[in-house]
Amino acid sequence: MSGLYSSRPSDIEKVFMASGVAVPRELPTQGIAWPDFGSDFALNRFYGRYDHAEGWFGESFLRFDTVAEAKKHTATVREFLTSPEIVFGGNGGGEYFGVRGSQAEEAEFIVIPSVGAEQDIFALGTWDDFLSALMKGKYLP
């Protein structure tokens, strides 16, 4: 991965700055948030460096929950849906952002409606695809 949408932490900062969002304050979490996905997984890189973030990201509002909030939201959503392995944030308007797949190589970033069923989940693809869709405001069907 290269360019603006790379998952390297320094590029995450560039993405936030390019979109007009303040770079999140550095508040590292303890260890890797989702060990099964490995240390190179985009969310583990983010949460290894920041506690949370929110703000306008291009044409979309983006909130990264804290790890504790993300794990709580994941457990709540998993009571109703089987797909997301991780629910890590949302858009502030009722949609959650998550990941399905059980390891980094098969991770697919998704949009989960607050009301709906498994078939209403919208797949965005890779981390780069997710960021690109949000930047353009084109992350819903």
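Let's start with the rings: in this predicted model, ring pairs join Trp34, Phe37, Phe41, Phe46, Tyr47, Phe64, Phe88, Phe97, Phe109, Trp127, Phe130 and Tyr139 into one cluster. The structure holds 15 aromatic pairs. Let me take two of them, both involving Phe130.

One is Phe88 with Phe130, an edge-to-face pair with 5.6 Å from centre to centre and 75° between the planes.

Phe97 sits in strand β4 and Phe130 in helix α4, so the pair ties together parts that are 33 residues apart in sequence.

One more ring before we move on. Have a look at Trp34: Lys71 lies over its face, 5.9 Å from the ring centre.

In soluble globular proteins, nonpolar side chains tend to be buried together. Here the largest nonpolar core has 30 residues, and those with the most contacts inside it are Leu43, Tyr47, Phe64, Phe88, Val99 and Phe130. Which elements give two or more residues to this core? They are α2 (42-47), β1 (53-57), β2 (60-64), α3 (67-78), β3 (84-90), β4 (95-100), β5 (108-113) and α4 (127-136). Helix α4 gives the most, with 6 residues. There is also a second, separate core of 6 residues, with Val77, Leu81, Ile110 and Ile121 among them.

Leaving aside neighbours within four places in sequence, Leu43 is in contact with Trp34, Phe64, Ile86, Phe88, Val99, Phe109 and Trp127.

Let's step back to the overall layout. The protein has 4 helices and 6 strands, and along the sequence they follow the pattern α-α-β-β-α-β-β-β-β-α. Of the 141 residues, 45% count as buried. Among contacts with a separation of 6 or more, 43% come from residues 24 or more positions apart.

The strands form an open sheet of 6, ordered β1-β2-β3-β4-β5-β6, with antiparallel pairing. At the edges are β1 and β6 (122-125), each pairing on one side only. From one strand to the next, the twist averages 35°.

And what lies across the sheet strands? Helix α3 lies across β2, β3, β4 and β5, running at about 125° to β3. Helix α4 lies across β1, β2, β3, β4, β5 and β6, and runs at about 110° to β6.

On one side, 5 bridges join β1 to β2 in an antiparallel arrangement, and here Gly55 has Leu62 in β2 as its bridge partner. β2 also pairs with β3, again antiparallel, over 2 bridges. Across that pairing, Phe64 stands opposite Gly89 in β3, while Arg63 stands opposite Gly90. Which residues of β2 are on the covered face, and which on the uncovered one? Ser60, Leu62 and Phe64 make up the covered face, with Phe61 and Arg63 on the uncovered one.

Last stop: the hairpin of β1 and β2. There are 2 residues between the strands, and Gly58 takes a positive phi near 65°. Glu59 is in this loop between β1 and β2. Glu59 is exposed, with a relative accessible area of 59%. Which residues does Glu59 touch, not counting those up to four places away in sequence? The answer is Leu134, Met135, Lys136 and Gly137. With Lys136, the C-alpha atoms are separated by 5.5 Å, although Glu59 and Lys136 are 77 residues apart along the chain.

That's my tour, so over to you for discussion.

Technical notes. Residues numbered from 1 in each chain as written. Predicted model: local features only at pLDDT ≥ 70, side-chain atom pairs only at ≥ 80, totals over all residues. Heavy atoms only, no water. Core = buried A, V, L, I, M, F, W, Y, C linked by side-chain atoms within 4.5 Å. Buried < 20%, exposed > 50% of the residue type's maximum accessible area, 1.4 Å probe, protein only. Contact = heavy atoms within 4.5 Å. Phe/Tyr/Trp six-rings, centres within 6.5 Å; stacked < 30°, edge-to-face > 60°. Lys NZ or Arg CZ within 6 Å of the ring centre and 35° of its normal. Pairing = 2+ DSSP bridges. Axes fitted to C-alpha atoms, helices over the stretch in contact; angles between N-to-C directions.
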